[in-house]
Amino acid sequence: MTATAVRKDGPAAVTPPPTIGGHARSYWSRVRGGDVGALPAVLGLIVLCTVFAIMRPSSFLSAGNFANLFTQGAAVTLIAMGLVFVLLLGEIDLSAGFASGVCAAVLANVVTVLGYPWWVAVLAAVATGVLIGTSLGLLVAKIGIPSFVVTLAGFLAFQGIVLLLVKEGTNISVRDDVLVAIANRNLAPILGWSLAALAVVGYAAVQLLRYRNRVARGLITDPIAVVALRIGGLAVILGAAVYVLNLERSRNVLIVSLKGVPIVVPVIAVLLIIWTFVLQRTSYGRHIYAVGGNREAARRAGIEVDRIRISVFVICSSMAAIGGIVAASRANSVDPNTGGSNVLLYAVGAAVIGGTSLFGGKGRVLDAVLGGAVVAVIENGMGLMGYSAGIKYVVTGVVLLLAASVDALSRRRAAATGTR
Amino acid sequence: MSATPLLELRGIDKSFGPVQVLRDVALTVHPGEVTALVGDNGAGKSTLVKCISGIHPTDAGEFLFNGEPVHIGSPRDAAALGIEVVYQDLALCDNLDIVQNMFLGRERRSGIVLDEPTMEQLAAETLAGLSIRTVTSLRQHVSSLSGGQRQTVAIAKAVLWNSKLVILDEPTAALGVAQTAQVLELVRRLADNGLAVVLISHNMNDVFAVSDRIAALYLGQMVAQVKTTDITHAQVVELITAGRSGGLGLATDPSSNGDGAQPADSTSGGLR
C-alpha cells in the first residue's frame with residue numbers, strides 16, 4: 001500500500017544497524033535542522049574561556065579562580081534549574097529571584113534570630129519555597145492569570161517581604177557552621193576523587209545496562225563506541241575538574257590550606273541527577289514535556305494539566321529556595337538585595353543560553369548548568385578584566401538576547417525543515 | 001447484519017443552553033464494519049462523537065455496549081469500554097517521539113521508571129500489525145512526520161489499547177491523494193481486524209470507498225442509517241443537504257408533520 005521506503009517487517013528490522021558515522025551524521029542533520037540543543041552554550045563556553053585565558057592568563061586560569069567560578073555561579077544555576085521546569089511549559093517565573101531572597105531571609109531569621117539548628121532553618125526555607133510555588137501555581141492554573149503577570153506581581157511583593165523580614169535595610173548574618181560551609185568550604189581531596197569515581201561508575205553502569213537491555217530485545221541502540229565515548233568523556237571532564245580543584249589554592253599555605261572540591265559542586269550534581277531522572281525517566285517528567293508541547297493533546301490523553309502546571313511552579317520556587325540558601329551561605333548574611341538585582345535575569349539567561357526554549361516543550365536540567373557556567377564565566381572573566389558592573393550587565397544582556405535569538409531562529413528553521 | 005451491535009444509542013438528546021443540537025438520535029455500530037457518519041456542518045456529528053467519548057454528558061437517551069446498558073460520564077469511562085477517538089486536530093505532541101505519543105498518559109512503568117524498551121516493542125508490534133511501514137524510526141519526533149504519517153500514528157495510538165470501537169473525526173481532511181488512500185486503507189484494515197469503526201467524513205468518495213454503513217445526520221436528527229450498497233451517491237448528498245431522499249429520511253413536509261417521530265422510524269426501518 002505504501003509509497004515510501006519499505007523494509008522488512010518486524011520491530012527490529014526497521015533501521016539499519018547503527019554506526020559511528022551514521023550517529024554523527026544524524027546528529028549533524030539534527031543541528032542543521034534547527035535542533036541545536038546545548039551546542040551554542042558549549043561553543044560559547046569554549047570561546048569565552050579561550051578569550052579570558054588569553055587576556056588574563058595568570059588570574060583566569062588559576063585553580064583558585066576555577067573554584068570561584070563554581071561558588072559564584074551556584075545560586076544562579078540552582079534557580080535556573082528550577083526555572084527550566086516552568087519554561088518547559090512555556091510559562092515564566094519572574095519572581096524566582098526574590099522568592100530565593102524570601103527563603104534566604106526566612107532561613108536567616110530562623111537560624112540567627114530564633115536560634116534554631118541549621119536543618120530546621122533549611123526545612124523552613126524550602127517549605128517557604130513550596131508555599132510560594134503553590135500559590136503562584138494555583139493563581140496561574142486555577143484562576144487563569146498569565147504567569148507573566150502573576151510572577152511580576154510576585155517579583156514586587158516578594159521584594160517587599162524580604163525588606164520586611166530583614167527589618168528595613170539592616171542585614172541578618174548567618175554564622176551557623178554547616179550553613180556557611182555549603183558555599184565556603186571544600187570536600188577533602190580524597191572524598192572529591194571518590195565522588196567523581198562513583199559518578200563515572202554509576203553513569204557507566206546505567207548506560208551499559210540500557211545498552212545491553214536494548215540489544216537483548218533487538219531494539220535500535222546507539223553504537224557501543226558512542227556509549228563508550230560518552231562514559232570516557234564524563235570521566236575525563238570530571239577527572240580534570242577534580243584534579244584542578246584538589247590543587248593547593250591558598251596564597252599562604254602556612255596559615256590555611258585551601259584545596260578540594262567546593263561543597264556546592266556535589267550539591268548541584270545531586271540535584272542535577274535527581275531532576276534529570278524525574279524529567280527523563282518518569283511519567284511525570286514525560287507529562288511535563290507533553291503539556292509543554294501540546295496542552296490540548298495532553299489533556300485528551302488524560303493528563304491532569306492543572307496539576308502539572310502547579311507542580312512546576314512548586315519545583316521552581318523550591319529550587320529558588322535552595323539557591324537562596326546557597327546565596328546566604330556565600331555572603332554569610334541576608335540583606336534586602338539577596339536574590340535581587342540581576343539574579344533572576346541571570347537565571348533565566350542561564351536556562352535559555354543552555355538551550356531551553358522560551359516557547360516550551362524543549363529543555364533539560366543540564367541546560368541550566370551549562371548556561372549557568374556561561375553566565376558565571378562572563379561575570380568572573382569581565383570582573384578580572386577590570387570592567388565595571390555596568391559593562392557586565394550590558395554584556396550579559398546581549399548574551400541573553402543572543403541565546404533567545406538562537407532559540408527563536410532554530411525554532412523557525414525547524415519549522416521550515418519540518419523537524420518541529 | 002451481525003448479531004448484536006457493539007454500540008447502540010437510543011433517543012439521545014443534547015442541548016447547549018437553548019440550542020438543541022441532537023434530537024432523539026439513534027445509532028448502531030457493528031464490529032468488523034466501518035460506519036460512516038455524514039452530515040453537513042453543524043448537523044451534530046462532532047457533538048455526537050463527544051457524547052460517545054464522554055466529553056459531553058447527554059440530556060436523555062441510553063447507551064448499549066455489547067447489548068448491556070452502560071453509562072459514559074467521562075473520557076475515562078469511554079476508554080475503559082474500549083472506545084478511542086482520533087480527533088481531527090490529531091492531538092499529538094510535536095516535541096515527543098512516536099513511542100512517547102502512542103503511550104502518552106498511559107506509560108508503561110517498572111517501579112517509578114518508564115519502561116522504554118517495552119513501550120518501544122509494543123509500539124513496533126502495533127505498527128507492524130497494521131502493516132504500517134512508512135515510518136523509518138520509532139524514535140523520530142512527530143514534528144518530522146508528514147500529515148499522513150501523523151494520522152497513521154494517531155490511529156495506531158488508538159488501536160494500541162485493545163480498543164473495540166475507534167472513532168475517526170475527518171481523518172483525511174488535510175491529506176493529499178496518496179496519503180488519503182493510505183489512511184483509508186488503514187481504516188479498512190481496522191475493521192477487517194474486527195474492530196468497529198466510526199468514520200466521520202465530508203468526502204463522499206472516502207465514504208463510499210471504505211464504509212459498510214452510512215448514518216446521515218441532518219440538523220441534529222438521524223435521518224437514515226443504511227447499508228452503503230443500498231444507497232447512491234446522490235441520495236446521500238440529498239440526505240445531508242435536505243434531510244430526505246425519496247423514501248429515506250424525514251417525511252416530505254417536516255413543518256406540517258411531527259418531525260420528531262419520523263426520523264426515528266426511518267432510522268430503525270431504513271433500507272435493508
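Visitor: Why does A:Asn332 count as partly exposed?
Guide: A:Asn332 has 15 C-beta neighbours inside 10 Å. A residue is buried with 20 or more other C-beta atoms within 10 Å of its own, exposed with 12 or fewer, and partly exposed in between; the C-beta atoms are placed from the backbone. The value 15 falls in between, so A:Asn332 is partly exposed.

Visitor: What kind of model is this, and how are its parts labelled?
Guide: This is a predicted model: local features need pLDDT of at least 70, side-chain atom pairs count only at pLDDT 80 or more, and totals for chains, interfaces and linings use all residues. Residues are numbered from 1 along each chain as its sequence is written, while chains are lettered from A and ligands numbered from 1 in the order in which they are written.

Visitor: Where does A:Asn332 lie?
Guide: In the loop between α14 (305–331) and β2 (333–334) of chain A. Helices (H or I, at least four residues) and strands (E, at least two) are DSSP runs, numbered from the N terminus. A:Asn332 is not a glycine, yet its phi is positive, about 60°.

Visitor: What makes B:Asp24 buried?
Guide: B:Asp24 has 20 other C-beta atoms within 10 Å. B:Asp24 sits in strand β2 (residues 19–29) of chain B. Its phi is also positive, about 50°, although B:Asp24 is not a glycine.

Visitor: How do you know that A:Val111 is buried?
Guide: A:Val111 has 26 other C-beta atoms within 10 Å, which makes it buried. A:Val111 belongs to helix α5 (residues 96–113) of chain A.

Visitor: Which residues is A:Val111 in contact with, leaving aside its neighbours within four places in sequence?
Guide: A:Tyr116, A:Trp118, A:Ala121, A:Val174, A:Asp176 and A:Leu179. Contact means that the C-beta atoms of two residues, placed from the backbone, lie within 7 Å. A:Gly144 is 33 residues from A:Val111 along the chain, and their C-alpha atoms are separated by 37 Å.

Visitor: How is a pair of packed helices described?
Guide: By the angle between the two axes and the distance between the axes. Axes are lines fitted to C-alpha atoms, for helices over the stretch in contact, and angles run from 0 to 180 degrees between N-to-C directions.

Visitor: Why are α4(A) and α16(A) called oblique to each other?
Guide: Helix α4 (residues 63–88) and helix α16 (residues 365–384) of chain A pack at about 135°, with axes 7 Å apart. Angles under 35 degrees count as roughly parallel, over 145 as roughly antiparallel, 65 to 115 as roughly perpendicular, and the rest as oblique. The pair is therefore oblique.

Visitor: What is the make-up of the contact of α4(A) with α16(A), by class?
Guide: Twelve nonpolar, eight polar and two charged residues. Ala, Val, Leu, Ile, Met, Phe, Trp, Tyr, Cys and Pro count as nonpolar, Asp, Glu, Lys and Arg as charged, and the others, Gly among them, as polar.

Visitor: What makes α2(A) and α16(A) roughly parallel?
Guide: Helix α2 (residues 39–55) of chain A packs on α16(A) at about 20°, with the axes 9 Å apart. That angle is under 35 degrees, so α2(A) and α16(A) are roughly parallel. The crossing of α2(A) and α16(A) is left-handed. Residues that meet include A:Leu45 and A:Phe52 in α2(A), and A:Val374 and A:Leu384 in α16(A). The contact divides into twelve nonpolar, three polar and no charged residues.

Visitor: Why is α9(A) called roughly antiparallel to α10(A)?
Guide: Helix α9 (residues 189–216) and helix α10 (residues 224–245) of chain A pack at about 170°, with axes 10 Å apart. That makes them roughly antiparallel. By class, their contact has 16 nonpolar, three polar and one charged residues.

Visitor: How do you know whether the radius of gyration of chain A agrees with that of a compact globule?
Guide: The radius is taken over C-alpha atoms, and the globule rule is 2.2 Å times the number of residues to the power 0.38. With 420 residues, the rule gives a value near 22 Å; chain A has 23 Å, which agrees. The C-alpha atoms fill a box of roughly 75 × 55 × 40 Å along the principal axes.

Definitions and conventions:
A crossing is left-handed if the near helix is turned anticlockwise from the far one by less than a right angle, and right-handed if clockwise.
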